[in-house]
Amino acid sequence: MTGWRVEPTEPVLAGHYPGFPILPGVYLVEHAHQVACGSPPEGADLVLTGVDSARFLAPVLPGDVVRVDLAWSAGPEGWGCRADVHTGRGPVASVRLRYAGSSDFPAPQPFGPIPRGDG
Amino acid sequence: MNWRLDFAQVLAVLPHRYPIILVDRVDDLEPGVRLTARKAVSGNDPAFHAGAATWPATLLIESWCQAAAVLATWDRPNPDVRTGRVPLVGAMSGIRFPRPVWPGDVVEHHVRLDRGFGDVLIVNGDSTVDGEPVLAVDRVVVALRSATQLTGGR
């Protein structure tokens with residue numbers, strides 16, 4: 001599996017933190033989510049509805065290569081995806097993502113024509 | 001006594017800086033108990049430049065966690081992590097995103113301190129936009145760690 005090399009020039013590192021670059025834990029959650037969306041079960045069109053749990057086990061530093069192992073499971077509340085995130089130095093995060101089918105969890109569309117309200 | 005913090009005062013508490021400083025203002029901080037903070041989401045956010053249609057839920061979590069870090073550390077601020085301790089999220093559970101956040105939304109974070117022992121704090125809460133829920137947080141564990149602890153001196 002291809003990995004994500006966290007370049008020292010990764011923009012977020014400038015602010016997290018100045019003089020002490022360390023990848024924010026939620027970036028590992030986001031990366032796991034992106035990888036998950038790239039290989040959905042049965043070609044499902046999925047919406048991220050939650051994070052059942054995430055544990056951050058070790059810091060990710062500039063130059064680290066992040067890899068993700070995924071395991072999907074179907075449940076009553078939609079699809080669950082367990083992501084084990086690791087670098088060459090070992091596991092860095094364990095994430096359980098929660099998805100719904102886009103038809104079961106339609107995105108609200110509040111933008112468009114405004115009803116006149118005088119009908 | 002409760003406190004209200006402007007952006008400069010938030011920067012004096014949190015070590016986070018651009019492009020990942022995601023709390024604009026603290027409207028009400030009750031020390032050791034709870035906090036209400038806000039984050040205005042702009043179409044100028046780098047996430048939208050990268051093509052996102054809605055604000056990434058993971059940034060919403062990060063923003064909420066930064067608000068939690070203000071509650072956790074405001075009485076012992078450390079804006080330079082190289083010389084002191086840094087608030088890090090160790091674990092989270094029971095996170096839900098009832099609806100997306102769009103450019104133009106002002107997110108109001110509500111953080112409650114559940115338990116705190118020394119350098120570890122457990123918080124929960126939610127976020128709303130115009131009173132509508134956009135985030136529910138069952139449990140987040142924030143730990144204060146020194147830089148050398150994290151890197152092993154690397």
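How many bridges join β2(B) to β3(B), and in which sense do these strands run? In this predicted model, five bridges join β2(B) to β3(B), and the two strands run antiparallel. One of the pairs sets Glu30(B) against its bridge partner Arg34(B) in β3(B). The two strands form a hairpin with three residues between them, and in the turn Gly32(B) has a positive phi of about 75°. On the other flank, β2(B) is joined to β1(B) by two bridges, again in the antiparallel sense, with Leu5(B) standing opposite Val26(B) of β2(B).

**The sheet across both chains**

These strands belong to an open sheet of twelve strands with antiparallel pairing, in the order β1(A)-β3(A)-β4(A)-β5(A)-β2(A)-β4(B)-β7(B)-β6(B)-β5(B)-β3(B)-β2(B)-β1(B).

| Strand pair | Bridges | Sense |
|---|---|---|
| β1(B) and β2(B) | two bridges | antiparallel |
| β2(B) and β3(B) | five bridges | antiparallel |

**The contact between the chains**

Chain A and chain B each bring 28 residues to the contact. On the side of chain A that touches chain B, the elements that give two or more residues are α1 (25–38) and β2 (46–56), and β2(A) gives the most, with nine residues. By class, the residues on this side of chain A divide into 17 nonpolar, eight polar and three charged.

**Helices on the sheet**

Helix α1(A) lies across β1, β2, β3 (65–75), β4 (78–87) and β5 (90–101) of chain A together with β4 of chain B, and it runs at about 55° to β5(A). Helix α3(B), residues 57–73, likewise lies across strands of both chains, namely β2 of chain A together with β2 (25–30), β3 (34–40), β4, β5 (106–117), β6 (120–129) and β7 of chain B, running at about 55° to β7(B).

The two helices also meet one another: the axes of α1(A) and α3(B) come within 9 Å and cross at roughly 165°. Angles over 145 degrees count as roughly antiparallel, and α1(A) and α3(B) are therefore roughly antiparallel to each other. The crossing in which α1(A) passes α3(B) is right-handed. Val26(A), Val29(A), Glu30(A) and His33(A) of α1(A) make this contact with Thr58(B), Ile61(B) and Glu62(B) of α3(B), a set that comprises three nonpolar, two polar and two charged residues.

Chain A has one helix and five strands, which follow the pattern β-α-β-β-β-β along the sequence. The radius of gyration of chain A is 18 Å, whereas a compact globule of 119 residues would have one near 14 Å. Taken along the principal axes, the C-alpha atoms of chain A fill a box of roughly 65 × 35 × 25 Å.

Note on methods:
Residues numbered from 1 in each chain as written. Chains lettered and ligands numbered in written order. Predicted model: local features only at pLDDT ≥ 70, side-chain atom pairs only at ≥ 80, totals over all residues. Contact = placed C-beta atoms within 7 Å. Helix = DSSP H or I, 4+ residues; strand = E, 2+ residues; numbered from the N terminus. Nonpolar A, V, L, I, M, F, W, Y, C, P; charged D, E, K, R; others polar. Pairing = 2+ DSSP bridges. Axes fitted to C-alpha atoms, helices over the stretch in contact; angles between N-to-C directions. Parallel < 35°, antiparallel > 145°, perpendicular 65-115°, else oblique. Left-handed = near helix turned anticlockwise from the far one by under 90°. Rg over C-alpha atoms; globule rule 2.2 N^0.38 Å.
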